[in-house]
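Visitor: I would like to learn how to read the features of a protein model, one at a time, with the general idea given before the particular case.

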Amino acid sequence: MVLNLHAMRNVLLNPEANQILVVDDEAPALKSLTHLLRKEGYTVKGCSSGQAALDELTRQDWDLIVTDLRMKGIDGLELLQRARDAYPELEVIVVTGHAAIDSAIKAMRRGAFDYLAKPYRLDEVRDVVRSALTVVGLKKENRLLKQRVAAFESGGTIITQDPLMLRLLDTARQIAPTGCNVVVSGESGTGKELLARFLHAHSDRPEGRFIGINCGAIQEDLLTNELFGHERGAFTGADQQTKGMIEQAHGGTLFLDEVTEMSPGMQVRLLRVLQERELYRVGGTTPIKVDVRVITATNRNLEEMVSTGGFRADLFYRLNVVNLELPPLRQRRDDIALLAYYFLRKSALAMGKALADIAPDALRLLNRYDFPGNVRELLNLIERGVALARGEMLQMTDLPENLQRLSVRVAGPSGELLTLEKNEASHIARVLELTAGNRNRTAEILGIDRVSLWRRIKRYGLEQDN
Ligand SMILES: Nc1ncnc2c1ncn2[C@@H]1O[C@H](COP(=O)(O)OP(=O)(O)OP(=O)(O)O)[C@@H](O)[C@H]1O
Ligand SMILES: [Mg+2]
């Protein structure tokens, strides 16, 4: 996939940085600065203590804090430190009393953007605030670009030449920007998560996050906590408010893997989020608006589960606006070689090996294999092979033994089917070769007596080789 950074830049929303928290425990000073910045057109909120500012930060995204240094309780320096630690994109300007240059320097060392010494001039405030917000805007834009690049990279390369898959990708590209919920089904390792990432990358908001969770891997109450987050004090040990995955996926994509493993209770809770477009954190009483696209993955037949009562029908209809079904690899055999070479190049590059080709017999073997683990199995197989390979070509012997045995069972050197007899003949020949023609040892290894071996050698015409 060609990545056109320039085009991507043009479709980016210009990130705005205009949200300012003003913090001062002296009411008149707080009021005048708040007023001044509002007149400049910024969104401004005043906080009368450091703690109030920290609370406000957890509620909403802020771009800039303008804080007085000397305050009761959490002072400006502490606020600066904690805010910058938790929100590195945010900038802080400190306001100092006159003759407090020492503390201004301290603040600068701890990462303040700049300081304003009282009494400050209006144009000075305007300039400093404007440059701080410009910096924040650039940081935001940089992050969005990075996310977009990452989204393209992780969702960009689905390798296929199979007509059915190509049609599926067309459909995926078409529905991706609509934001509708999608169920991706298919056997294990067919590329369900990859397709989900592809949908996200081609959506109308690829800069939003792609948050994935495997519903089958976690216990129910943990899953609730992971998905919905919790308020401070919701349970013992909940000493910090935490956003759940649904909330983190706000403005992006939530990928629910193995959705059929969700308990009935969890299904109800998820349904409610999809219907109301809001959620409550565990222990929370204020609804939080969420806007997420949900992509679910399953390797079971969801429709069948609905008809047998294992999955809620109403939830199914919400999730399954579009169903994309990935065919197993054995039903798109033309993809095997294509993917094998793709993975070969990737792994060789990653391992710094000059491996460029796959031996014909190894390739034939791959083409015959059924791949119960689908693309993931092929990927693992090639990665392992590349690690083992010595020359410039991946050999049959670099493939796992169970696969090599398959070759003895089903295929001769030129790919023709082997009868039991041919199989026996080649096996005897191999053992003879290994023992350098020693018939006693060969008979021993094969577990037959010398006479039977001699008869077979004659029957298969193996004697001239020894
Ligand atoms: N068409 C493809 N092109 C390139 N890489 C692929 C393709 N299909 C799958 N892969 C790769 O194969 C691996 C398995 O894919 P993925 O994790 O998406 O499968 P899955 O269906 O989610 O598997 P599971 O059911 O086990 O969770 C991943 O590393 C993925 O990048
Ligand atoms: Mg998966």
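This is a predicted model: local features need pLDDT of at least 70, side-chain atom pairs count only at pLDDT 80 or more; totals for chains, interfaces and linings use all residues.

Visitor: What radius of gyration does the protein chain have, and what would a compact globule have?

Guide: The radius of gyration is taken over C-alpha atoms, and the globule rule is 2.2 Å times the number of residues to the power 0.38. For 466 residues a compact globule would come near 23 Å, but the protein chain has 32 Å. Its C-alpha atoms fill a box of roughly 110 × 55 × 45 Å along the principal axes.

Visitor: How many helices and strands does the protein chain have?

Guide: Helices (H or I, at least four residues) and strands (E, at least two) are DSSP runs, numbered from the N terminus. By that rule the protein chain has 20 helices and 16 strands.

Visitor: In what order do the strands of the open sheet of five lie?

Guide: Two strands pair if DSSP finds at least two bridges between them. Here the order is S2-S1-S3-S4-S5, with parallel pairing. The edges are strand S2 (43-47) and strand S5 (114-117), each of which pairs on one side only.

Visitor: Which strands does helix H2 lie across?

Guide: Contact means heavy atoms within 4.5 Å. Helix H2 (residues 27-39) lies across S1, S2 and S3, at about 175° to S2, and helix H3 (residues 50-59) also lies across S1, S2 and S3, running at about 160° to S1.

Visitor: Is threonine 34 buried or exposed?

Guide: Buried means under 20% relative accessible area, exposed over 50%, and partly exposed in between (1.4 Å probe, protein chains only). Threonine 34, in helix H2, has a relative accessible area of 6% and is therefore buried. Not counting residues up to four places away in sequence, threonine 34 touches Val22, Val44 and Gly46. In helix H3 we find leucine 54, which counts as buried at 12% relative accessibility. Leaving aside neighbours within four places in sequence, leucine 54 is in contact with Ile74, Leu79 and Arg82.

Visitor: Which residues point one way from S10, and which the other way?

Guide: In a regular strand the side chains alternate between the two faces of the sheet. From S10, Thr253, Phe255 and Asp257 point one way and Leu254 and Leu256 the other way, and all are buried. Strand S7 (residues 210-214) runs parallel to S10, joined by five bridges, with glycine 212 opposite phenylalanine 255. S10 also pairs in the parallel sense with strand S13 (residues 293-298), over five bridges, where leucine 254 has valine 294 as its bridge partner.

Visitor: How many aromatic pairs does a search of the whole structure find?

Guide: Rings of Phe, Tyr and Trp (its six-membered ring) pair if their centres lie within 6.5 Å; planes under 30 degrees apart count as stacked, over 60 as edge-to-face and the rest as tilted. The search finds four such pairs. In one of them, phenylalanine 316 and tyrosine 317 have ring centres 5.3 Å apart and planes at 65°, so the pair is edge-to-face. Phenylalanine 316 is buried at 5% relative accessible area, whereas tyrosine 317 is exposed at 59%. The rings of tyrosine 342 and phenylalanine 343 have centres 5.5 Å apart and planes at 50°, so this pair is tilted.

How values were computed
Residues are numbered from 1 along each chain as its sequence is written. Chains are lettered from A and ligands numbered from 1 in the order in which they are written. Side-chain values use heavy atoms; hydrogens and water are left out. Axes are lines fitted to C-alpha atoms, for helices over the stretch in contact, and angles run from 0 to 180 degrees between N-to-C directions.
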